Amino acid sequence: MSMTSRKITAVPLAFVLLLTACGKSGGGDAVQQPTETQTAPAEIIFYGGSTQPQDFFDRQYGELLYKKFPQHTIKYIQMPAGTIQEATTKLLTEGQRFDIFYNNIGIFENTLFSTGLQYDMTELMKNHNVDLSRLEQESIQAMKQFSAGKTYGVPVTDMKFVLFYNKDIFDKFGVAYPKDGMTWDEAIALGKKLSRTEDGVQYVGLSTSPSQFISQNQLSIPLVNHQTDQPTIYSNAGWRKLFDALFVQPMQDAGVRSKLESTKTIPNNDAFVNKQDLAMYAYNIAIYISPSLIPAMQKFNWDMVTMPVFPEAPGVGSQTTPFYFGLTNMAKEKDAAMEVLKFMISDEYQSWVSRRGFIPTLMTDETKKEYGKETVFPDKNYAALFRYKNAPIPPSADYTFSVNNVYAGTALPIATGVKDMNTAFREAEELANKQIEEFKRNRGK
C-alpha cells in the first residue's frame, strides 16, 4: 500500500485568473462562480481501488485540487495487491480510513455495498448547494438506480465509444476515410474493403472488444431482466442484431476467419494499437489517454469518427462509463470533503479534466471546446465524442460483470462459425443462470 499526500501553500495569481476566466456554460447559462474554499483545514483521503501510482492520480484528478484547496492535506491511497474487494477489505482491517471513494459504474457501487461503506450524500449536498441537474443525466439516473433513489456518488468523468480508424491502412489501400454520421451498414461495407491480405499481413476492416461493446451497447439492452433475474441473451432479439453487426458480418472474409481461428481472439487493442493490422476499431477513449498505450498511439496516423448508429436508434451513441466519486460513511470531515467534491463538478474543474482528455460530465460549450487540448493528441476529431446523445444505462447487479463475460465468450465461436447464434446464445443463457445462482448463494453466506 502506498499513501502520499500533497499540500500546496500558494497559488499564483495569474494561474487563478487563467482558470477562472473560462467558466461560461453552454446555452447562455450564467458563469458559475469559483467554489469557495473556506472550510477549516482537513485531511481528505482519496481511494479509488486503483493500482495506478501517485502521478497518475495527480494528472487525472489531483493537481488542480491541490492548488484550489491549499488549506487541506489531500492524500491518495494506491490499491494493494489483490482484487478490489480483497484489497479494500485489507485496508479496512488495518484501520485505514478513506473519505472519498471513486471508481467506474459497477465497481463503484459493488465495492461500497460489499464493504458497507456507502453514504447517502443527499442532505449534505443540499446544505452545500450542489446542483446535479447541470451534469450528464444518464449518469445521474444510473446512480439513482443503484442507490435506490439515494445519492451515493457523483459522476465526475466519463468514458464513451467512438470509431477509431488507422489512416495509414486506408491510405495504403486507397480507400476513403470513414465519416461522422455513418450507420453500421455503412461501416460494415467500408470495413469489407479493407479486410484483405497484403505483404503477408492479414488486415481486418472492423472490430470491437466484445466485453466492452456488450456492456456499453447502444440499444441499452440489459444483460439481465432484473424483475426475474433471468439472462436476456437468448430472449431479447436485440442481441442478435448487435452480434450480427459486430461479430458476424465484419468477419465473413475467409482470411479474417482464419486469422481469428489462429489467434483465438476477436481483434482488439493489440491489433489496433500495437500490430496496426486493424483498420477500424469501435472502442472507448482509454486507448489514447492510458499512459501505457500512448507511446504506441504516437507511432501511426489515426483519428476518430462518431460511433455508427442503428436505424432504430438514430443519433444515439454508446452507453457511457461514468466514474463516480462519493463520500464514505467513515469520512472524517464531511463538510470539507463535500466542498472538494462540489468543486470537482464545477465549470473550472470540468474544463480542466476535459483539456486532459477525460470526458467531462458537465456538458457545456466550454467543456466540449476545451476537450483534449492538453493531451499529446490535440488535433483529433474530438467533436465526434459529443455529437450523439448517450444511450441510457440499464440497471445492473453484483453479478452483471460475470454475466457480461459469459456473453462476450460467445463472440469468437460465432465469428468463426464454430457455433450458430441460437446455439451459442442458448448455452450462454444456461451458463449465465448458473453464475447468477452462484452469486446469490455466496451473497447469502
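Mentor: We will go through some strands, a few residues and some ring pairs. Keep in mind that this is a predicted model.

Trainee: Let's begin with strand β2. Is it largely enclosed or open?
Mentor: Strand β2 covers residues 43-47, and four of the five are buried, so the rest of the structure largely encloses it.

Trainee: How many bridges join β2 to β3, and which way do they run?
Mentor: Five bridges link β2 to β3, residues 73-78, and the two strands run parallel. Between them the chain passes through helix α2, residues 54-68, and this β-α-β crossover is right-handed.

Trainee: What about β2 and β4, how many bridges there?
Mentor: Two bridges join β2 to β4, which is residues 100-104, and that pairing is parallel.

Trainee: Which residues does Y47 face in those strands?
Mentor: In β3 the bridge partner of Y47 is I77. In β4, Y47 stands opposite F101.

Trainee: Now N103. Where is it?
Mentor: N103 sits in strand β4.

Trainee: Buried or exposed, and why?
Mentor: The relative accessibility of N103 is 7%, and buried means under 20%. So N103 counts as buried.

Trainee: What does the side chain of N103 reach?
Mentor: The side chain of N103 reaches the backbone oxygen of G48 at 2.8 Å. Leaving out residues up to four places away in sequence, N103 touches G48, G49, I84, F108, P322, F323 and Y324.

Trainee: Change of topic. How many aromatic pairs does the structure hold?
Mentor: It holds 41 aromatic pairs. One of them is W184 with F310, a tilted pair with 6.0 Å centre to centre and 35 degrees between the planes.

Trainee: Where do W184 and F310 lie?
Mentor: W184 is in helix α8, residues 184-192, while F310 is in the loop between β13 (302-305) and β14 (323-327), so the pair ties together parts that are 126 residues apart in sequence. W184 is buried at a relative accessible area of 2%, and F310 is buried at 5%.

Trainee: Give me another pair. What do Y288 and Y382 look like?
Mentor: Their ring centres are 5.7 Å apart and their planes are at 35 degrees, so the pair of Y288 and Y382 is tilted. Y288 lies in helix α13 (residues 286-289) and Y382 in the loop between α17 (365-370) and α18 (400-408), so this pair ties together parts 94 residues apart in sequence. Both Y288 and Y382 are buried.

Trainee: And which residues lie over the face of a ring?
Mentor: Among them, R196 lies over the face of F173, at 4.3 Å from the ring centre. K334 lies over the face of Y119, at 5.2 Å from the ring centre.

Trainee: Back to strands. What covers β13, one face or both?
Mentor: Both faces of β13 are covered. W302 and M304 are on one side, D303 and V305 are on the other, and all of these are buried.

Trainee: Which strand joins β13?
Mentor: Strand β6, residues 161-166, is joined to β13 by four bridges, and the two run antiparallel. The bridge partner of L163 in β13 is V305.

Trainee: Last one. Where is G191, and what does it touch?
Mentor: G191 is in helix α8, and at 4% relative accessibility G191 counts as buried. Not counting residues up to four places away in sequence, G191 touches G205 and M280. The C-alpha atoms of G191 and S207 are separated by 8.9 Å, with the two residues 16 apart along the chain.

Terms used
Residues are numbered from 1 along each chain as its sequence is written. This is a predicted model: local features need pLDDT of at least 70, side-chain atom pairs count only at pLDDT 80 or more; totals for chains, interfaces and linings use all residues. Side-chain values use heavy atoms; hydrogens and water are left out. Buried means under 20% relative accessible area, exposed over 50%, partly exposed in between (1.4 Å probe, protein chains only). Two strands pair if DSSP finds at least two bridges between them. A crossover is right-handed if, with the strands pointing away from the viewer, the path from the first strand over the helix to the second runs clockwise. A polar contact is a pair of N or O atoms within 3.5 Å; within protein, one must be able to donate a hydrogen and the other to accept it, and residues adjacent in sequence count only if both atoms are side-chain atoms. Contact means heavy atoms within 4.5 Å. Rings of Phe, Tyr and Trp (its six-membered ring) pair if their centres lie within 6.5 Å; planes under 30 degrees apart count as stacked, over 60 as edge-to-face and the rest as tilted. A charge sits over a ring if NZ of Lys or CZ of Arg is within 6 Å of the ring centre and within 35 degrees of the ring normal.
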